[in-house]
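Subject: Structure for your review

Dear colleague,

Please find below the structure that I am handing over to you. My findings follow it.

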Amino acid sequence: MRSATAQAVPPSAPGWLLRFGLAFGLLNTLLTFENRWPGFGVAYMPRLSFELCLAVVALMGWVVWRGGLSARAGWVWSLAFMGLVLVRYANVTAPAVMGRPVNVYWDGRHAGELLRVAAQAMPGWQLAAAIVALLVGGLLLALVVRWSIGVLARCLVWSPPRPWLLSGVGACALSFAAYVPDQRDTRWFFSLPIAPTLLQQGQLLAQVWLPGQARAALGPSPGFDGDLSGLVGARGPADVLLVFAESYGAITFDDAVQAAALAEPRAGLSRAIEHSGRFVVSARVTAPTFGGSSWLSHAALLSGVDTSDPADNDLLMTSQRPTLVRHFARHGYRTVGWMPGLKRPWPEGSFYGFDRLADDAGIGYQGPDFGYWRIPDQAAMALLQVQELDRTSPREPHFAVFATTSTHAPFHPLAPFTTDWQALTGPGAYRATDATAQTASGSLVQALPNYLEGMRYQHAWMADYLGNRAPRPLVMVIVGDHQPPSLVSGRGAPWDVPVHVVGDDPALLQRLLGSGFVPGLTPPSNALGSMPTLTSVLLKAFDAPGAHETLGIEHVVRPDDPALSKDRSLPGS
């Protein structure tokens, strides 16, 4: 039955326009705001929302059908609208903070952990205040939305004919015509619609969850048919340590401010490599992710398959594709996954085929916690050295994959560097005051200074490890998993990350010089390709060619690079 208000006499034009304009304006603001960069705030943007125009048309149809808007229906409409507001916030915040579009499936699965990271980085009173503000703000938002939708519904109760319905349809059509796909801006005065994001994320979830939809074809795997003979020297097979350096991006070389701030730590790392009798070559590759989702880079490099689409990564984890881990295991290596940031069961990890997969609880760290990523990288490396890489007694060669965490956002608290590596393996690792002081001094708003301090820490422990602790023979591959978030790397930064290969055998590194690598720690300006390209390059280098295939290229060593001084030049350079 139609409500009595359906036949009510229309109100005066000024009063109607005032109420309609106020309600429409409030709702429009909630669907058109943009990110206030840098940070998580929002900024008002005076544009028109496509979704709101469509919603007004739908609300008109509801009023025609039902004769009005009941209290229950009003709250249903309000909750649906608030869902759109949340999607809008994620849609504009993720690119600004993480440097990549929002991904409901993957970001949703890890949202809880991200919230725990943020909570542990804040003092208790700030956390309590944030929770109260969130609850109160959410309640106020719900009341404003419910009031605005109710006002719109009452304004749309109109005796037939309803010319406003045709006007709304026209506005929606105009808004849709104004939208240009794949562009961050829209023409004229319309805001970027939310509908494409909803459609894309819905398709992604369908591919993951619906039977038969997850059979998207993965790209070909590289050839894992070599014999790793290029790793065998006079002392036998070399250990291979693959370090995924958290948030280690090419921005640390490309940005003049960051490069200058890290010049001395890099020089110290170069000197340590040189004085240890080792060599280093470097390149840059394009990561499949930006600002987060490190597992995509791990999977891309270890499998040689493109994982830039998270749905492909999910499909990969269910497949029987070959991996670097299984490749090394077939040739007599003990394979170890060293994952101090892994805090929960990870059944997908069986895809890689590690002999041992050590997580946060399994590494054996006994010192105080340093924030959410509680195990400092230097301590994790010390434990890996003692438990797996020690060569005081004969053992099989090792292939170890170490994913660091200390340089993970928010880049604090940070443990102090120490030269007493042995102490890091027992209960005397650090003092409790070290962790509490770092937690109290950290600040979420000072991302760049905290990030640079984390990079200095990374260079310091790597330099000391390579100079004084690393076993021989050893090939250490250091690759960034992704650029740091846009809060550090800025807008429009490429997805490139550096990769360094440090080794005792100059012939091995010589084979990398023809594939986009250059001597020293500074990578070239051009990427050699994607992360799977790096997999193929490393596989080729690990297989020793005949003497006539050593590339024999003429490569000039840069005189300003202390890592490869004249008396430490690579053969053929």
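Which side chain meets that of D504 in a salt bridge? The partner is R278, with an N to O distance of 3.6 Å. Please bear in mind that this is a predicted model.

**Salt bridges**

The bridge between D504 and R278 links distant parts of the chain, its two residues lying 226 residues apart. D504 sits in the loop between β11 (496-503) and α18 (506-510), and R278 in the loop between α10 and β6 (279-286). R278 is buried, since its relative accessible area of 1% falls under the 20% limit.

A search of the whole structure finds 14 salt bridges. Another of them joins E388 and R356, whose closest N and O atoms are 2.9 Å apart. E388 belongs to helix α14 (residues 377-389) and R356 to strand β8 (residues 356-358), so this pair ties together parts that are 32 residues apart in sequence. The two partners can also be described by their accessibility: E388 is buried, with a relative accessible area of 6%, whereas R356 is partly exposed, at 21%.

A further bridge is formed by R374 and D369, with 3.2 Å between the closest N and O atoms. Here R374 is buried, with a relative accessible area of 17%, while D369 is partly exposed, with a value of 45%. Through salt bridges that share partners, R374 and D369 are joined with K343 and D360 into one network.

**Helix packing**

Helix α10 (residues 263-275) packs with helix α16 (residues 447-469) at an angle of about 10 degrees, and their axes are 8 Å apart. Angles under 35 degrees count as roughly parallel, and α10 and α16 are therefore roughly parallel to each other. On the α10 side, the residues in contact are P265, R266, G268, L269, A272 and I273. They meet R456, H459, M462, A463, L466 and G467 in α16.

**Nonpolar surface patch**

On the surface, a nonpolar patch is formed by W75, V132, V136, L139, L140 and L143. Together these residues have about 570 Å² of accessible area. Helix α5 (residues 124-155) gives the most to the patch, with 5 residues.

Yours sincerely

Technical notes:
Residues are numbered from 1 along each chain as its sequence is written. This is a predicted model: local features need pLDDT of at least 70, side-chain atom pairs count only at pLDDT 80 or more; totals for chains, interfaces and linings use all residues. Side-chain values use heavy atoms; hydrogens and water are left out. Patches are made of residues with over 30% relative accessible area and no salt bridge: like charges are joined within 9 Å, nonpolar side chains (Val, Leu, Ile, Met, Phe, Trp, Tyr) within 5 Å. Accessible areas come from the Shrake-Rupley method with a 1.4 Å probe; for residues, only the protein chains shown count as cover. A salt bridge is a side-chain nitrogen of Lys or Arg within 4 Å of a carboxyl oxygen of Asp or Glu. Helices (H or I, at least four residues) and strands (E, at least two) are DSSP runs, numbered from the N terminus. Axes are lines fitted to C-alpha atoms, for helices over the stretch in contact, and angles run from 0 to 180 degrees between N-to-C directions. Angles under 35 degrees count as roughly parallel, over 145 as roughly antiparallel, 65 to 115 as roughly perpendicular and the rest as oblique. Contact means heavy atoms within 4.5 Å. Buried means under 20% relative accessible area, exposed over 50%, partly exposed in between (1.4 Å probe, protein chains only).
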